[in-house]
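Work through the exercises below with the sequence and the model at hand. Each task is followed by a solution in steps.

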Amino acid sequence: MKHRGLTLALAVLLGGSMTMHTLPGEAARYAAAANAVSGSLVQELTLDSAASYAAWSIDTDLQVGDTVYTDRDVTYLTVPDALLGAELVQTSCDAKATTGTAAFFTAGASVTVYVAVDTRVAVIPAWLEGWSITGLILQNNNSVEYAAYSKAFAPGEIITLGSNNQTSGCVNYVVMATPTAGDVTADGLVDAADAEMLRRYLVCSGDLSAAAGAELSGDDAITAEDLTLLKRMIANREVLPAVTTVTTTTTTPPPANPYEPDGFRFSGKVFLVGDSTVCEYDSNTTSTLDRYGWGMKLGSYFNNVTVRNLALSGRSSRSFLAESYYTTLCNELGEGDYLFIQFGHNDEKTDDADRGTYPGLDWATLDGSGKNSSGQYSYEWILAKKYIEVALSKGAVPVLVTPITRRGSDGSANYKGHLEYQAGMFTLGELYDIAVLDMTTQTAELYTELFNTGGASATQALHCITSSGSVDNTHLSQYGATTVAGLIADACVDAGLTLGDYRKN
């Protein structure tokens, strides 16, 4: 008999006073604690005290080739990917002759239990009523196929295994358990509470010590990707392989606009914070250098929208906090407004003690200002705590805009320095359910297309000049600002923001 991991033989409880054919009571639970065996997910596995069949076992890592039963030399020929690695209860084949309760066990965590029944069984056992048909099929090396039924259980719940319901012309059922994918709260359900608990954990304000189902992406790490998959699962946009694939319940479709609260009413005001690629310039600068920020042109793409451009040249997400415009933002931003946030160009200057920030820092290592013990400030923490959460607290909708590309000295797109900051914004978008307008990618693609067709002069048209008359490869011309603002306006429509409804035709 081949097993991986822990293999445990189960002793049969004897004694007439312990005979059970219904749900286990206090006496049985006492006996289980004294005599039963446990794996990780399957705990206190106990046979009915009147059992005359062979002991059952637990294999902690189900794989093709493992033995199916404790009393037959039969192995698994095929196992669905969703069940590979599951904790396996190896039943005895002769247990198919039992009536009433065959065994019971306690859920050691939030688990999904699978009972795979021989497809030749004519009538599915009544005790599986309420379980879901998964569509998962297993096969043994004697060409027997098993159809898997599943049900989720919360930690501490008792699972009772009954009769096979047929003895001749078939074999006994088999049992497996996996962590319930997505049940972060460990209550046996997968719902909005799980997404909120996972979100809080990812921003370092929660505990996942009991959450065996939080890791969904298969990379053995709990990240924003897992939160994305969980949200899709809850919204029924996508069913993961490890989750029951056929259920009898329906879910409420996601809201038409997932980035705005229910009942959101746009005030008509859009606030902008950012750097020199966004900000306002005086008439002398626009006339002599042809320098514009895209924030100066955004309002021209919308009807009945007021743009309040608070962006300032040379500022990073951190240095902007010391400006009076940040106080203005906190005082004036209100319910129904949008806050567009584009910082990155100056955050990348990590050799500047006053401006640099670092993406990807562990929030658990940060102090109350977002700084770690090495003196590094977290880009994501500052955006989250000083901008996103401020907007949300006021009933406004924050929107992240990833840094626009620079122009390389040869005229091509120069965006690689933005990539880690772009990724940081994507992470925040997932954590806070807010829109991320990916201008890093869109502007890089625009520059690449222009450069490939028209060379350096084609991208030069998007940029202003310096005071010495050379091309400024960072700042935009009026044409460039208008072009980028148009991309952002279109991205609002694509993201489904209410603001997009105000887009001029």
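A residue is buried if its relative accessible area is under 20%, exposed if over 50%, and partly exposed in between (1.4 Å probe, protein chains only). This is a predicted model, in which local features need pLDDT of at least 70 and side-chain atom pairs count only at pLDDT 80 or more, while totals for chains, interfaces and linings use all residues. Residues are numbered from 1 along each chain as its sequence is written, and side-chain values use heavy atoms, with hydrogens and water left out.

**Exercise 1.** State which residues of helix α7 are buried.

Solution. Helices (H or I, at least four residues) and strands (E, at least two) are DSSP runs, numbered from the N terminus. Helix α7 covers residues 419–432, which is 14 residues. The expected span is 1.5 Å times one less than the number of residues; from first to last C-alpha, α7 reaches 20 Å, close to the expected 20 Å. The buried residues in α7 are Tyr-421, Gln-422, Gly-424, Met-425, Leu-428, Gly-429, Leu-431 and Tyr-432. Just after the helix, Asp-433 has a positive phi of about 55 degrees.

**Exercise 2.** Classify the ring pair of Trp-127 and Trp-131.

Solution. Rings of Phe, Tyr and Trp (its six-membered ring) pair if their centres lie within 6.5 Å; planes under 30 degrees apart are stacked, over 60 edge-to-face, and the rest tilted. This rule gives 14 aromatic pairs. For Trp-127 and Trp-131 the centres are 6.3 Å apart and the planes stand at 85 degrees, so the pair is edge-to-face. Trp-127 has 23% relative accessibility and therefore counts as partly exposed. Trp-131, at 10%, is buried.

**Exercise 3.** Classify the pair of Phe-320 and Tyr-387 and locate both rings.

Solution. Their centres are 6.4 Å apart with 35 degrees between the planes, and the pair is tilted. Phe-320 lies in the loop between β13 (306–309) and α5 (324–332), and Tyr-387 in helix α6 (residues 379–393), so the pair ties together parts 67 residues apart in sequence. Both residues are buried.

**Exercise 4.** Describe the surroundings of Thr-277.

Solution. Thr-277 is in the loop between β12 (269–274) and α4 (283–289). Its relative accessibility is 0%, so Thr-277 counts as buried. Contact means heavy atoms within 4.5 Å. Not counting residues up to four places away in sequence, Thr-277 touches Gly-293, Trp-294, Gln-342, His-345, Ile-404, Thr-474 and Leu-476.
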